[in-house]
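Let's take a walk through a protein model together. Keep the sequence and the 3D view open as you read.

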Amino acid sequence: MKTYKFKICIVALFAIGLTQSFVSCSKNEESAKIAADGSSVLFNIAGIQDPNETSTVGTAASNEKQARSTNTGNIQKIYNFSDFDVETSQAAPQTQTSIIQVGNGVLSSGNQARTLRAAVMATGIKYRVMIYNNATGAFVTSVELTAGQADPIPLEKGVEYAYYAFSYNTTASIADLNHTTPTVPTKQDADFLFVNGTFTIPNINPNQVVNINQALIFTRKVMRIGAVVDTRGLGARIVSANVKYTVAGNFYTGNFDLKSNTMTKATPSFTPTSYASPLTLQQVNPTTTKDSVMAGYFYFIKDDASPTTGGATIQVSNLNVAYSSSTSQTYTGPYSFTFNTAAEATNLSLNWYMKFTKNFVVVEGVKWAKGNLYDDGSILSTNRPQYISNNPFRRFNNDNFNDTYFYNAKASVGDGGNSAATNSGDPCRRVLNAQSIAGDWRTPTSSEINKMINSSQITSGKDLASGFTYIKFTSDGNPNDNVTFAMLGQFNWGSGSWSKPNEGFYWSNDGNTPGYYALKMKTDAAGAAPQRTPFAGSSSGLFDYYHVRCVRAN
């Protein structure tokens, strides 16, 4: 009889479990059931969405990874400084995203049941999930979780739960909130992400342990402005920089109510009328552009009344850049750039781009780099990144052929390599990039070289420091600006020696391999009329090494 009564009790409990009265047991009793049952929910981060932000589909990438920062909208202004030019532009970020495959995860009512595209949250980011009984509103648990880690939360079966998840998109720990009125303060220096929804752990069989996956797609709830510093046009990587901002207008942080999904303005507003502390810089794309494109972000709540007028100024100072593994330079500044604070009404994110470019000189309509191309020989790999020298008279560093400045014909047209530095594709297109892509620079065509050859605005002379003679081509419309081509001779790899002093050889690239055309120039210290003519280089293209002078591709 005892056994029979025990079976009846089990059936009765199963029936009761289908009703809400099952939740009325004490906290200790509920905890005991959870521990004994082992059922759980596992939250999976499916990504981050920025409402109405411009997106492109690509491979999985961390938040705010751009394929190239050249697609930054129309150039608003070009600032000319003695050491470089800076192009500024303003646009919504073009975030590279992935198509999210939720798999067996449960899409909650807080997410859109469709094919999703979202930027991936970086591993190690902290977020907190608060869980309530959706029928009674009773608090169940609050757990801090970490993106990229599997941390199941034990819960009772047969109950519909409401969850509220938020994150500052950082690795810092997040404190618990008031469980009755959970309100989160936003921060001036941190993102704010939120997602909410419901889920149920099914109770089909009382004796079966049920573990479910719940996909989370966070949504950005604050305005985010990024100050993006891009030094690829300098042929350099960012070592450090002080980037500050000041605005005319009021910015507000907010208080976000998790349960009502509403934001209210915090008082007082913060008005950085004087330059705030330097922004923390981070790599925009750690895979491709690395530390040659870095951004600092500041955050405020979206409010139609503020900021809508006035301007903002970004100030960059103490910009330390590395031109190679052994050469760096600090540009003290400060350099100031003005932007409009009013973001497009349909976007929650806006980037202010500052693209530092090595000064180029326009000759016969072509933008010529002021120095020759070279590669960092300390990087022992094929397809190594290229750089643009700030010294037109430097030939190469004799230390194990590091910093080589000369290329053979096959290297310059992209159908092979050389033993000094293996190059595939146009080497100018690989300035600070690991592959031949549509970069900021390219090798000039033979037609562009012919245009410069026919220019009448030239001078010649000898550089006393290096001992090389040179020809200078005067810029279009600017008699005080010019581009210098030094007579560096040519290098023969077979003999390991330089030849033809007082002559300069510079490759062209017409995008094909038949015929290797170069610019040949000759001058002497006596100041005789310089000679300029295109000519066909070695047909083999294996042993004759000339220099490369890049032109802007845009």
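Let's start with a pair of strands: β32 (residues 490–492) and β33 are joined by 3 bridges and run antiparallel. Strands here are DSSP runs (E, at least two residues), numbered from the N terminus, and two strands pair if DSSP finds at least two bridges between them. In this pairing, F491 stands opposite W498 in β33. Zoom out a bit and you'll find an open sheet of 3 strands, in the order β33-β32-β37, with antiparallel pairing. Its edge strands, β33 (497–499) and β37 (544–545), each pair on one side only. What holds such strands together? Strands of a sheet pair through backbone hydrogen bonds, either parallel or antiparallel.

A quick word on what you're looking at. This is a predicted model, where local features need pLDDT of at least 70 and side-chain atom pairs count only at pLDDT 80 or more, while totals for chains, interfaces and linings use all residues. Residues are numbered from 1 along each chain as its sequence is written, and side-chain values use heavy atoms, with hydrogens and water left out.

Now jump to strand β4 (residues 85–91). How many of its residues are buried? The count is 7 of 7, where buried means under 20% relative accessible area, exposed over 50%, and partly exposed in between (1.4 Å probe, protein chains only). Both faces are covered: D85, E87, S89 and A91 are buried on one side, and V86, T88 and Q90 on the other. Strand β4 is also joined by 7 bridges to β23 (residues 349–357), and the two run antiparallel. There, Q90 stands opposite W352 in β23.

N372 sits in the loop between β25 (366–369) and β26 (373–375). Is N372 buried or exposed? N372 is buried, because its relative accessible area is 0%. Its side chain makes a polar contact of 2.8 Å with the side chain of R549. A polar contact is a pair of N or O atoms within 3.5 Å; within protein, one must be able to donate a hydrogen and the other to accept it, and residues adjacent in sequence count only if both atoms are side-chain atoms.

Another polar contact, at 2.6 Å, links the side chains of R442 and E448. You'll find R442 in strand β28 (residues 441–442). Not counting residues up to four places away in sequence, R442 touches several others, including D426, C428 and C550; contact means heavy atoms within 4.5 Å.

Last stop: K462, in strand β29 (residues 458–462). K462 counts as partly exposed because its relative accessible area is 43%.

Definitions and conventions: Helix = DSSP H or I, 4+ residues; strand = E, 2+ residues; numbered from the N terminus.
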